[in-house]
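Have the viewer open and follow along.

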Amino acid sequence: MRTNIKGDIGELIVMTKLLKSGYWVSKPFGDDCPYDILADNKEGKIIRIQVKYVTPKDDLLRCKLFSNTGVSYKDSVDWILIVNSDTELVYKLDLSEFD
């Protein structure tokens, strides 16, 4: 499966879960945005989300914490949401916990 198709699948899974959890969800237009999704908690908080659709290897989910251009996500997103491609479970990585 092509990488962009995997990314689309991961984003759809995350958007569905966010909508079911009561968020409003927006998708930025274009590919130059540093985040994949915006989630609005309906109380004035907008969360910038990067989605990683990951296939487990050796029972671990591994993803990079930086973009393809080498820029860290730390200053451009609030959460990285990691989707396990086998189970469709979503894990939240809060970047404020990393230096």
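Leaving aside its neighbours within four places in sequence, which residues is Val25 in contact with? Taking contact as heavy atoms within 4.5 Å, the partners are Met15, Leu18, Leu19, Ile37 and Leu38. Before going on, a word on the ground rules: this is a predicted model, where local features need pLDDT of at least 70, side-chain atom pairs count only at pLDDT 80 or more, and totals for chains, interfaces and linings use all residues. Residues are numbered from 1 along each chain as its sequence is written, and side-chain values use heavy atoms, with hydrogens and water left out.

Val25 sits in strand 1; helices (H or I, at least four residues) and strands (E, at least two) are DSSP runs, numbered from the N terminus. With 22% relative accessibility, Val25 counts as partly exposed, on a scale where buried means under 20% relative accessible area, exposed over 50%, and partly exposed in between (1.4 Å probe, protein chains only). Val25 and Met15 are 10 residues apart in sequence, and their C-alpha atoms lie 6.6 Å apart.

Just after the helix, Gly22 has a positive phi of about 100°.

Now look at which way the helix faces. Gly10, Glu11, Ile13, Val14, Met15 and Leu18 are buried. An α-helix has 3.6 residues a turn, so residues three or four places apart point the same way. The buried residues of helix 1 pack against strand 1 (24–26), strand 2 (37–40), strand 3 (46–54), strand 4 (79–84) and strand 5 (90–94). Leu12, also in helix 1, counts as exposed at 53% relative accessibility. Its C-alpha atom is 16 Å from that of Thr55, which is 43 residues away along the chain.

Next, the interior. A nonpolar core here is a set of buried Ala, Val, Leu, Ile, Met, Phe, Trp, Tyr and Cys residues joined through side-chain atoms within 4.5 Å. The largest one has 13 residues, and Val14, Leu18, Ile37 and Ile49 have the most contacts inside it. Helix 1, strand 2, strand 3 and strand 4 each supply at least two residues of this core, with helix 1 giving the most, 4 residues. A second, separate core of 8 residues includes Tyr73, Val77, Ile80 and Leu95. Back at Leu18, the residues touched are Tyr23, Val25, Ile37, Ala39 and Ile49, not counting those up to four places away in sequence.

Beyond its neighbours within four places in sequence, Ser76 is in contact with Pro34, Tyr35 and Arg48.

Finally, the open space. A pocket is an open set of points on a 1 Å grid over the protein atoms alone, where a 1.4 Å probe fits, with protein on both sides within 12 Å along at least five of seven lines; lining residues have an atom within 4 Å of a point. The largest pocket is lined by 30 residues, of which Asp36, Gln50, Val51, Lys52 and Asn68 lie nearest its centre. Helix 1 and strand 3 are the elements that give two or more residues to the lining, and helix 1 gives the most, with 6 residues.
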